[in-house]
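Please look at the structure below before reading on.

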Amino acid sequence: MSDERIISYSEAIREAIMQEMERDENVVFLGQDISGGGHREKENMTDTWGGSFGVSRGISTRFGIERVIDCPLSEAGYIGAAVSASTAGLNVIAELMFNDFLWLAGDQLFNGAAKIKYLSGGKQSCKLTIRTVTGAGLNAGMHHSQSLYALAAHIPGIKIAIPSTPYDAKGLLVTAIRGDEPVIIFENKTLYNTKGHVPEESYEIPIGKAKIVKNGKDATIVTISRMLFIALEAADILEKKGVFVEIIDCVSLVPLDEETIIQSVSKTGHLVIVDEATPRCGAAADIAAMAADKAIDYLDGPIKLVTSAHTPVPFSPVLEKIYMPDSISVVNAVLNSLD
Amino acid sequence: MYASKEGDVMEISKDILTKAYRNMILIRRFEENLQKIYYDGKIPGFLHLYTGEEAIAVGVCLNLNKTDYVTSTHRAHGHFIAKGSDVKKIAAEIMGKKSGLCRGKGGSMHMMDMDNGLYGSTGIVGGGFPPAAGLALASKIKGTGQVSICFCGDGSINEGTFHESVNMAAIWNLPVIFVCENNLYAQSAPQEYHQKVKDIYIRSKGYGIQGTCVDGMDFFQVYDAARKAIERAREGKGPTLLECKTYLYSGHYVGDARAYRYPEEMKYYEENKDCINIFKNKVTETGVMCENEFINIESEVIYDVKEAVDFAVNSQFPDEGELHDNVY
């Protein structure tokens, strides 16, 4: 049965792109080295790279270089072109190789794409999906390891989805492509090889709806991206201590599913937020502020944030390891909140 | 006596020739060693090697003073070695050790060594252009006579930072030389696929600066062109875009299978255009150095590389307490 099919996070993303390109001929795909090799067709060297993590391998072979376009190292240029092309009848998926390059492409997204709907009084759509890559853990150093979704969340006018599972990766991408507004999807590089259940047929997952991954009564843990798995490890440890946590995967940062979080806190009375990004002015702080504002009456303990250190992502493996949150830090945060 | 690109004859001292060979073979053997120990699992993260392009870093940097500036790329080891950074500290940094140039916090792609004028490697393509202009601006305003070298690749020429920085260098008449290592590929993209022009140096015309192009596999052409550009810069005659045609033996990073390259192309460069072989042949022809001298230098270098790698392997990782140092 297709329902039981297990594929990887990267395969799920590739499948979503290919199915949407099949469905709608206006869907085009831009990025750097997304096929690679310059399509030296006569030498049979048409698809020799497939993106930095192999996610897009085979897509240009299937749909051709008119719709799968390798871009020069001009992030402001091609992301900006993707923004405007998305207002002119195309439905653009653009890959930004690492989210650390948002600083280069940022003007076109934050001063451009984010303002279009507002400026046009809601009339002008911008059918733009940006896929980009977050996360530390591969010793890739400070220019390829940051988690910068809060940067984008700060700017009104862009939706932000952050899938943690292959199932969500496919469904969120399909929703983003079919929608009329700019969406940035932040994929965690350490998740590409993780596997999970993904239906073959196309499906949408709403952007703006969080997911209760585990039910519990004692404390609520809200996670972003890969932190879900740290929290699940922590939950196992906590259960042995008789503490039963509820885990909510944020899934989307914009819109933020406040209701699901508040409802859970109203049940548990405790809130811990786990985010791999740096803490200052980050997503975890934002969610904490929301809960302090709207769920204070339900809270029986301090809101605890578990984040990375407020430092650049260090290269040295020993430092990178302690830079990031781990399950023990989550366990301690929950116990501190309950204390 | 050796020929410049224009065929002019130039005299180069034996001291310079010895340093040139030493540094080129040092970079080559260092990189080969790194590749080996990378596969042994001793190097974390990603590793971008410089093998094949040695004549450029060495040919340019032999014309520099210690206080002159260099901005580098993600493919930085050759630039650091040629500019005089300590090989032991480079190796240690690449392995994430406390004894590294940046105490292990940067790694290969994020090194800095201002004691030797190295503003740094960068993980951001095109990230070196504005700093090169800014360093040159500082030396111009302060009247120090320092020049600034910006090593860059063919792919980075498509970044906005290139165009913005070259224009600023032009209007402010800055002592900066943009040294483009055109190795024909931007990651996997062949040059003809990402740029309509084959000769990058002609872009200098659009900004009103000096531009020149040399065979980057020929140390003597690079050395001569860099010397002239650096002299011009020091004399206040402004920036130069120096294109060096070259070829990278390794893939984009260690582990890249190079499926996007023509096998015959790789073979051609390794067999016919190797910068170290070309150098040795030319120097041997003049009778200034003989094979035995090359062998002796190489033996010393092999020892130095082993010493550097052993130093790095045996060094400690940083203390966990260092994580929070130097942020606010």
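Which residues in H1(B) meet which residues in H12(B)? Thr18(B), Tyr21(B), Arg22(B), Ile25(B), Leu26(B), Arg29(B), Phe30(B), Asn33(B) and Ile37(B) in H1(B) meet Phe294(B), Ile297(B), Glu298(B), Val301(B), Ile302(B), Asp304(B), Val305(B) and Val309(B) in H12(B). The model is predicted, with local features needing pLDDT of at least 70 and side-chain atom pairs pLDDT 80 or more, while totals for chains, interfaces and linings use all residues. Residues are numbered from 1 along each chain as its sequence is written, and chains are lettered from A in the order in which they are written.

**H1 and H12 of chain B**
- By class, this contact of H1(B) with H12(B) has eleven nonpolar, two polar and four charged residues (Ala, Val, Leu, Ile, Met, Phe, Trp, Tyr, Cys and Pro are nonpolar, Asp, Glu, Lys and Arg charged, the others, Gly among them, polar).
- Helix H1 (residues 14–39) and helix H12 (residues 291–314) of chain B pack at about 40°, their axes 9 Å apart (axes are lines fitted to C-alpha atoms, for helices over the stretch in contact, and angles run from 0 to 180 degrees between N-to-C directions; helices are DSSP runs of H or I, at least four residues, and strands runs of E, at least two, numbered from the N terminus).
- H1(B) is therefore oblique to H12(B) (angles under 35 degrees count as roughly parallel, over 145 as roughly antiparallel, 65 to 115 as roughly perpendicular and the rest as oblique).

**H3 and H4 of chain A**
- The axes of helix H3 (residues 75–85) and helix H4 (residues 102–119) of chain A come within 7 Å and cross at roughly 25°.
- H3(A) and H4(A) are therefore roughly parallel to each other.

**Chains A and B**
- In chain B, 37 residues are in contact with 31 residues of chain A (C-beta atoms, placed from the backbone, within 7 Å).
- The side of chain B that touches chain A divides into 16 nonpolar, 17 polar and four charged residues.

Technical notes
Two residues are in contact if their C-beta atoms, placed from the backbone, lie within 7 Å.
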